[in-house]
Amino acid sequence: MTQIWIIVIYLSLLVGVGLISAQFFRGTSRDFFVVSRSIGPFLLLMSVFGTTMTAFAMVGSSGGAFKDGIAVYGKVAGWSVLLHSAVFFFIGMKLWAFGKRYGHVTQIQFFRARFESDALGYVLFPVLVGLVIPYLLVGLLGAGATVQGVTRGALPEVFTSTGGAVPPWLTSGVICLVVMSYVFAGGMRSAAWANAFQTCIFMVMAVVAFWMIAQNLGGMNAATMAADDNKFIREGNVGQLEYFTYFFIPLSVAMFPHLFQHWLTAKRAKTFRLTLIAHPIFIMITWIPCILIGIWATGAMTPDGMPLTSDKTPANAVLGIMVKNFTTPVLSGLVTAGVLAAIMSSLDSQFVALGTMFTQDVVVKAAGKKRFSDRQIIWLARGFITGIVLLTWIISLFAPKAIFPLGVWCFTGFAALFPIVFVALYWKRATAAGVIAGVLATAVTWIIFFTWSNVAGTGRPGDVLLWGINPVAYIFGACALAVLVVSLVTRPPTEDTVAKYFPQKNPS
Amino acid sequence: MSKPASRRRRWFFYGLLVILFVFHHDYFFWDWHIVIGGIPAGLVYDMLYSSICAFTWWMMVRFAWPDELEEFADSGEGGKEGL
């Protein structure tokens, strides 16, 4: 019961933070979508970091380390510490500048304007929405599974079918309601405040759990020395080419619609400075403790001297097992709150981003901006957010567990689309036809690899390492090649558009 | 208004990023079982790498900042077309 109370208190606090932030809502659509472009350095850092980190940062990292040792840090987080900030610097800041100057709010608006093509918007919209929805579902299902795991036996008379655990449908329903309550009221402003709060929670919880588990295992050195030393190395846990080609995955942040919207909330270009510097450190602070907990699990013993885990222990259960056995019920509840925080800090931004896209890229685009008052646009967005939350929750009730590998593939899809945003910003000769070809090439190769992975194995990208190379490399290559070839054989964009998006630089 | 970072200086820092990209690959502790202060050596390498990345971004911000981006966003008809 302790865990349930802590989760309830945490969710109540979150609603409180969200609703307090909504008091600062200025009542305009500009405020609802991009916080009047007024966010400062601290809130930008916390909201961007919270949005990019998912439950994988805590649950997946410890499980990955349990299975593959330290290799999981270098594969995922190690590349992110360099490449996330690089994407923020070379892509995010430029998009912020164009967004501020030309009033873009969504990626589709930017691409339509940059390539003078409505058709590009129609091709890109379903692809982006199609990639975000499984990502949302994974978050909801993950939250349901986490709470079910830690509340097992807590309420046997209420939830008989789940052995006394809070059932996933209830957890995901409550989470949807909580997130919707504050994003409905304050839009992106509330999402940014809530993300900052949630980021604090999951970072602190990772460190506290780490410290307490280390103490109970006799200190860091003793805990590590007792662990399986095959997990201390990369050899045998990951291939050289697979390790290297993982660098494509962090490029996915360049195409996340929700991150695009967070970038646009920045007040100035200099607002990005803190994010660029602190993001790598934050990744390290969150990931390293969880990686070590995962490694320690390979050698941890029960009080009666039996191994706590075996080869058959599910990787994603490792963090929960370690927390349950080596901390208190209070901390177990707090760590669960931390995992929920990591999940929800992505969910809220994704809901707002999808609501914004349906409002701006579909309704306002089709009917014309003058057709609606500013107030009506806000209510349209709220309506779409409510509809998307409800629809996602209903799908989550029927979504099979196979949705988890699909979530992993979403990152592959976003990463493979990187060339289209890169050429939009750095290649004057890139054309709408080229970018459309790039999107289609991504979709086709993505479907081929995804289908192949389901036929050949468990449906994860790791099942189809062609010559030891991550499939994202091939899909990325197909996209880049299609953009390049088709752009070169089609009519270049007009001089006006080129001048608009490639202004003369200061002589220096 | 601060003086914009020179092109040469910017390319120097972009070069540093390329070097960091190369050094992500742990050629040194790939199969070393050594433990340093309770942390496997490969993970210590990762921690050091992460810290160096943060420091490099601090230097980029300090010495290679694109001031013209701010001017571009704020100048002209800035932001009046849309939201």
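**Notebook: chains A and B**

I began with chain B, where, among contacts between residues at least 6 apart in sequence, 65% join residues at least 24 apart; two residues are in contact if their C-beta atoms, placed from the backbone, lie within 7 Å. I note that this is a predicted model, in which local features need pLDDT of at least 70 and side-chain atom pairs count only at pLDDT 80 or more, while totals for chains, interfaces and linings use all residues. Residues are numbered from 1 along each chain as its sequence is written, and chains are lettered from A, and ligands numbered from 1, in the order in which they are written.

**Chain B and its side towards chain A**

I found three helices and two strands in chain B, arranged along the sequence as α-β-β-α-α; here helices (H or I, at least four residues) and strands (E, at least two) are DSSP runs numbered from the N terminus. Of its 83 residues, 25% count as buried, a residue being buried if 20 or more other C-beta atoms lie within 10 Å of its own, exposed if 12 or fewer, and partly exposed in between, with C-beta atoms placed from the backbone.

I then looked up what chain B brings to chain A: 40 residues of chain B are in contact with 49 residues of chain A. The elements giving two or more residues to this side are α1 (7-23), β2 (39-40), α2 (41-63) and α3 (67-74) of chain B, and the largest share, twelve residues, comes from α2(B). By class, this side has 22 nonpolar, eleven polar and seven charged residues, where Ala, Val, Leu, Ile, Met, Phe, Trp, Tyr, Cys and Pro count as nonpolar, Asp, Glu, Lys and Arg as charged, and the others, Gly among them, as polar.

**Chain A as a whole**

I recorded 20 helices and zero strands for chain A. Its radius of gyration is 23 Å, close to the 23 Å that the globule rule gives for 508 residues, so chain A is as compact as a globular protein of that length; the radius is taken over C-alpha atoms, and the rule is 2.2 Å times the number of residues to the power 0.38. Buried residues make up 60% of the 508 residues in chain A, and among its contacts between residues at least 6 apart in sequence, 85% join residues at least 24 apart.

**Core and helices of chain A**

I looked next at the largest nonpolar core, which has 204 residues, with V179(A) and I291(A) having the most contacts inside it; such a core is a set of buried Ala, Val, Leu, Ile, Met, Phe, Trp, Tyr and Cys residues joined through C-beta atoms within 7 Å. Helix α8 (residues 168-216) of chain A gives the most to this core, with 23 residues. Not counting residues up to four places away in sequence, V179(A) touches M344(A), L347(A), D348(A), F351(A) and V389(A).

I checked helix α14 (residues 329-367) of chain A: its 39 residues reach 55 Å from first C-alpha to last, close to the 57 Å expected at 1.5 Å a residue, the expected span being 1.5 Å times one less than the number of residues. Of these 39 residues, 32 are buried, and the helix is followed by G368(A), whose phi is positive, near 95°.

I also checked helix α6 (residues 107-115) of chain A, where eight of the nine residues are buried, so it is largely enclosed by the rest of the structure. The buried residues of α6(A) include R112(A) and R114(A), and the helix is followed by E116(A), whose phi is positive, near 50°.
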